[in-house]
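Hi everyone, thanks for coming. Let me put the model up, and then we'll walk through a few spots together.

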Amino acid sequence: MKVAIAFLACVGLVAAIGFHQTPKLKIADKAFLEKQKFLFEMVYRVEDPLAFEEYIKIGEKFYFEKEHYTHFDLYMEKFYDAYMAHALLPKGEFFGALVKYHAKQARGLFNFFYYAKDWETFMTNVAWARMHVNEGMFVYALTLAVIHRDDFHGLMLPAIHEIFPQFFFNSKFVFEAEKFDYEMWMKTSMYEKEYLDVYHHKTPAHGYEHGYGNMYQSSDYMYMKDFKMWQWWKLMGLGEHWYSEDKYILRENIYQFNHESKWLTMMKDVKKFYMPVDYSRDLYLYNEESKMSYFTEDLGWNSYWYYLNMDYSFFLDGKTFGLSNDRRGEWWLYNVHQLLSRYHMERLSHGLGEIPEFSWYHQIEMGYDPQMIYYNGVGFSYRKNYYEMETYGNFEMLDKITGFQKRIYNIIELGYYQTADGHMIDLRKPESIEFIGNMMQGNIDTMDNMFFQFWYMLAHMYFADADFHQMEVYPNVMLNFETMMRDPMFYMFYKSIAQVYFQFMHHLPKYTKEQLLMPGVTLKHVEVSELTTYFDLVDFDVTNMLNDKMVFHDGQFVWDKSLYARQMRLNHKPFSYTYTIDSVKDERVVIRAFLGPKFDEFGRTISLTDNRMNFMEIDEFSYELKAGSNMILRKSNDFYWTVKDRTTYTELYYYTMMAFDGKYNFPMDISEPHCGFPDRLVLPMGWKKGMPMQMFFMVVPYMAPKHEQFSTFDYTYSCGIGSGARFVDSMPFGYPFDREIDEYEFFVPNMYFKDVMIYHADTMEKYYTYKGYSQYGHFDYSFFSDYYTKYFML
């Protein structure tokens, strides 16, 4: 069985990757399964003491001797010195990837994992670190090692939201999950259900008791306190409590599982519990940004940014890890731009308009309360409305941050940069965007890393009110990549980073008609199917928060219970578009598709000159045109940069153990690559009567990537980080919207603009219609099967 659709998603928001077809499905051998089992068990309930006796024995030692490593550096020595001096970040304390001392220690631990000569050394070090090192630091270093070690292709860890659910769900749910007691649940599960603020009453109207006319009064009452569209459980008569039903796990691609005999047999003995989960909302201090919490707190949205910054971590150098092959600086900066474009379109769907400008010296109008709690019991800090960044900060740190920003603008205006060794970099060349990207990320590849490398970290520490020399800090969303996109201020600050990108592009010459034109090729028409968004339901595996006693049988861990967060999230109906392209000869081309706004929040048309910064690239693929007319059908399911829902932690562990016992062939592509963008978030939420948008399509000549001939990675389970062949061609990311536009020169026959409407369907509408819900007080599984029949089984 091929458990997951692996569309590859080695790209972000998006230059699509090339076609790296797998000759045949690869099956994991025994050695691979032993490693996979070890990794899964190492991160199980990582906040609790290690309970696997075989690993406890292995982890009694740590290989600190240099001969066990292919490389031994200063960071490894410093980590060892800190351990001997009892100066490592203590277990249970908050770990921030962007806290200076935390990052330095994490880098040393990562090096011990990454440079280990063999599996035995790696496994011993991991088992030791699991027992002695801070939990957050351990997961961070282990994730980096699994992603970047060349001999670990195909090995995976559970999704980050399954390892640390506390970073993705509100504190109310976390408390309920951590205090879940199966025995107590069994005793209380039959008690009275909570019906909340819903009241359906059908009383015969006066004069109609005898069966003629309108049978019921029209005064049926329904009121939801602060009701939001994603609070589905209220309409079904459920409360925010734990429920258990012997049904399938809800997710986008459930139709692949709920009739699969192997899956049903595997999961039949697992007790599955789910609880409805809300998003955070500002109930007491009005904040209009909270209406978008369903988007900014989306697990897939936040996980994408986390894994992007793990793939191209700021302390990994491009030469050793091959990241420079992927144009890491340009790629990181382009992703910032694309994420902001996607966020801007979501704002427009709610009438919010442009992302507010960021300033260190003016009030931040919108506050943010994450309503989250760290696993040590300390809540995440919040920011009040009209927060003054300058007043509450460290002025020495602020001067360094703002000094860098002034310096980078001056360098761009000057047009060149002189390095410490006297080397001159011409900033009027397109390829110099790589240097600008490295500087803005503050990564180790910056030409002057003595100054530029720490500005990015300092900025995030300043937001969190963390001192430069502080070890123990309060939890703050801006200190970790998996949480920072929840905060509206993230988008304001990163907009200032994207403006550096546009400032650099401002000095490059505009594309001429000759440069944009592809002679002999005409994009005559593009037919786009209906674009519809809706909210669906999904179960997220949060078993790592289970506080139950672990059970072992014959030395084998018995995974007999799983907890799930049942949450509603944005999705879209599959769509397609059909190209009609005329060509005078056979030719290999690349076809790009973009989505962008048509009007601003006031209904005014946005000029293309200004609007180019708002377009998001949603598709890119190569194609062999034939002489004559070409009809090309492209479906949203064909996008190579998106993925469906990942296989859950519980299922992956069961598949591994079944394969370990010889009862299952474990396919290497069992879970989507970690670097994929969620397919369901490609479109912004539409309007019931249609939200006007526009699409842009362009056909360009194929220009082979520099490292195309070395593309050996398998796209069904690998992201190919550092291969240099992740992208379909070598054109600048975002072409042709990367540079400023001269509208007199821009329009050519190989381009096509299309006005489109994005509609929104209310999937919960039938629950507040006149007839009401007959199974009130129970989850309606027919709801799930009905809309999957409607939207996916077409």
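Here's one to start: is the link of Cys-675 and Cys-719 left-handed or right-handed? With -105° about the S-S bond, this link is left-handed. Cys-675 sits in the loop between helix H23 (649-660) and strand E17 (677-678), while Cys-719 is in the loop between strand E18 (691-701) and helix H24 (743-746). The pair is 44 residues apart and links distant parts of the chain. The sulfur atoms are 2.1 Å apart, and a disulfide here is a pair of cysteine sulfur atoms within 2.5 Å. Searching the whole structure finds 1 disulfide. Both cysteines, Cys-675 and Cys-719, are buried (under 20% relative accessible area; exposed is over 50%, partly exposed in between, with a 1.4 Å probe and protein chains only).

A quick word on the source: this is a predicted model, where local features need pLDDT of at least 70, side-chain atom pairs count only at pLDDT 80 or more, and totals for chains, interfaces and linings use all residues. Residues are numbered from 1 along each chain as its sequence is written, and side-chain values use heavy atoms, leaving out hydrogens and water.

Now to helix H15, residues 328-349. Helices are DSSP runs (H or I) of at least four residues and strands (E) of at least two, numbered from the N terminus. The end C-alpha atoms of H15 are 32 Å apart, which agrees with the 32 Å its 22 residues should span at 1.5 Å a residue (1.5 Å times one less than the number of residues). In H15, 22 of 22 residues are buried. Gly-351 follows H15, with a positive phi near 75°.

Finally, Met-424 lies in strand E6 (residues 424-426) and is partly exposed, at 43% relative accessible area. Thanks, all!
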